[in-house]
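The exercises below are meant to be worked with the sequence and the model open side by side. Please try each task before reading its solution.

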Amino acid sequence: MIADKLLSLQEGEFVFALTRDDLGPLFADRAGVAHSALSPFVEVLRDYAPGSGGLTPQTAELLADPEFAPLVDTLAAPQLLIRQRLGGGSASFDEMRVCASPTTAERLLAVAVTDDGGYLVRVFEGPGAFVAWWMESLAGRNEETIANYVPPRLDLGAFLLILHTVDMFRRVSYQRALNFDYESTVSVPVADFAPLMSRALQSRDLRWLLPTFVAVTPNLADVVPEIRPEHSQALADLAFLRNAKDAQTGEDILLFGEAGQSMGVEFMRSWFLAAGFEFSVAGQGAQKELPRLFIAPTALANHFVRLEMSPEGGCTVNHQAYTYPQLEVKLQEILERAYALCARPAPQPEAAPPPPEATAPPTTAPAQVLCPHCGEMVDANMRFCVHCGGRVSAA
Amino acid sequence: MQHSFTPEERQALLDAYFAALAERRRLGEQALAASAGQDEAAPVETDEALEVSLAALEQEMERLWMTYAGGVPHVGLSRCPFTGEVFTHSLDYYGLDGLWWHYEAAARPEEEYLPTFFALDGALALSEPLDNTPLLVATGPEIPFVLPRLLQYTQIKAVLSSFGVGHHQAYFIVYYADPMLWEIDRVNEWGADYYRYVDIEGALQVDAYLDDERDFDLEAWIRAGQLLWIAPGDAEFQLRGHLTDCPYLNLPGSRNPVYLQNGERWEGENLDDAWVDANSLAEGAWSAEDQQALERALKLWEEGNL
């Protein structure tokens, strides 16, 4: 479970345990803070009737804890919420929510459900610390680049067909293995391809890539893709599948091309997990600036997918096959951007009175260090130099 | 010129430019002849009218050069493998006789670079008949290649595409970086002796660098995901990362840089050696004494005494 991974603490890091029954009394009754829709505990707090519950002594002590007390406001009504769903490969479905507010400086608070239905709250001292933990816990440790067979700006419909092709390669390979068949050509009947895709989508079976993508990528239902003929053509153009006739039966079949075989073998042998990310920022306007992500690490690459909405309402995907350092840089870039959006002041109406003096503390620019390779100044929380690409700090 | 020039407009501009160039050379030789045989210590007497004519010609050539540069078409050539955005660049695809191809003073308009754009390189498979231009044209090797110096960085990828230039086949090798690398030399724009880029502050910069190590084994780079390709004639610029049916592998043609001038073609690394010197110069190896020696030699050459 993701909660177990949150317990792998470094020196000076904190994790707090809360029970489900403590949430209402803690936030509504004792701390007296109002929750927002972005609270990681929103479902519980929404259903809580004030004054109807009691606080365990352990949680009551937390309110006096100088490390925990400043986090209460952010946990109740954060400015930034990152929903992360996990599952697929050999991992069961799980969810983690990460929240932040300028009032808790650059700290990110990660919340996950424990085996007994309670919650763990882990405090990360900034986007860099969170990304470092995420990479250590979940990313594929590949350092070499591999071919990326999926071009950026591909229609979501074509991308779903590609995921299904990878699953079909795995399925056919497993069937051949069960039949002690290592000589026949790896193929799938044309007539089976679409019906099996429909069954896969309905199954929600996280052992397969396509259902996993649909399950862990947040709110995919609002971009229902349309599969068009050109999407099938893309499978041929990109060397995933090609049409053929079965030499013996004359049946129309699909043979796996270079891309279909390569990704099929990769996911069959070494896919272990997938994660979906959705970012929400309080207030209007910032939402469309934040991406929705799907990441599927394997032994060869960290498959990174960014969903991009077009003004016409369509959805394209940008897929990259990242090395470990590349994914680390990209995740940090996205998290820092998300944090900057939540930290920026909300637009004020022209005639609005001046804000009160006691507002949130200003965020400070990150400290800078010298890159040991090129000598340029880089942010201290960057792990790789933006000038020369060299590693700045130890992994 | 606000719009891209038509073939007729382009030809008229080039005709006027080359006529002015020929006239300037003629007047230059006349001025040289007039000063020949004079005492080195005495001031060179020149015909004032000749100087006025030369200055007017220079001005006219500059005007034609600027008009031409403003009319070079911008065309989609490639696609960024990180963002999926189409890369457009100026290109005189009518022929190699255009000033866009003038190696020593390439006439190119301002470009709108993608944030991930790193460098533009290229190769060109020449076909007969060769373009007859009085200007030096450097088309690079005849077959596509990559620069290992750049692709050693995992954050740099190259995209190979092709385009017709006159009756020749051009190969574009566009390098992209994400995140951007600021501290390493890029490479001269294909066919030019400089490269342009937008620096970290957002300002346009011009610099120069040429590699002499090229790798023509594209298969290994495609397999490693560092090189992608676009099928010839693909108006959608679909990026492909597979080897199957890749039309750019094992092409016949010279691996040496190719040069054209006055209808003549030659190839080799001789100019490369000069380029290496130019790189050394850029690094500060060229001293004031070297400059004075060069100026003395040029003066002697002009006077026919070398």
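**Exercise 1.** How many cavities of 30 Å³ or more does the count come to?

Solution. The structure is a predicted model, in which local features need pLDDT of at least 70 and side-chain atom pairs count only at pLDDT 80 or more, while totals for chains, interfaces and linings use all residues. Residues are numbered from 1 along each chain as its sequence is written, chains are lettered from A in the order in which they are written, and side-chain values use heavy atoms, with hydrogens and water left out.

Step 1: Rolling a probe the size of a water molecule over the atoms shows where empty space is left. On a 1 Å grid over the protein atoms alone, a cavity is a set of points where a 1.4 Å probe fits but cannot get out, and its lining residues have an atom within 4 Å of a point. A volume is the space filled by probe spheres set on the points.

Step 2: By this rule, the count is six cavities of 30 Å³ or more.

**Exercise 2.** Work out how helix H6 (residues 127-138) of chain A meets helix H12 (residues 324-343) of chain A.

Solution. Step 1: The axes, lines fitted to C-alpha atoms over the stretch in contact, come within 9 Å and cross at roughly 145 degrees, on a scale running from 0 to 180 degrees between N-to-C directions.

Step 1: Among the residues in contact (heavy atoms within 4.5 Å) are Phe130(A), Val131(A) and Trp134(A) of H6(A), together with Leu327(A), Leu331(A) and Leu335(A) of H12(A).

Step 2: The residues of this contact divide into nine nonpolar, two polar and three charged.

**Exercise 3.** Is Thr249(A) buried or exposed?

Solution. Step 1: Thr249(A) lies in the loop between strand E8 (241-245) and strand E9 (252-256) of chain A.

Step 1: Thr249(A) counts as exposed because its relative accessibility is 57%, where buried means under 20%, exposed over 50% and partly exposed in between (1.4 Å probe, protein chains only).

Conventions
Helices (H or I, at least four residues) and strands (E, at least two) are DSSP runs, numbered from the N terminus. Ala, Val, Leu, Ile, Met, Phe, Trp, Tyr, Cys and Pro count as nonpolar, Asp, Glu, Lys and Arg as charged, and the others, Gly among them, as polar. On a 1 Å grid over the protein atoms alone, a cavity is a set of points where a 1.4 Å probe fits but cannot get out, and a pocket is an open set with protein on both sides within 12 Å along at least five of seven lines; lining residues have an atom within 4 Å of a point.
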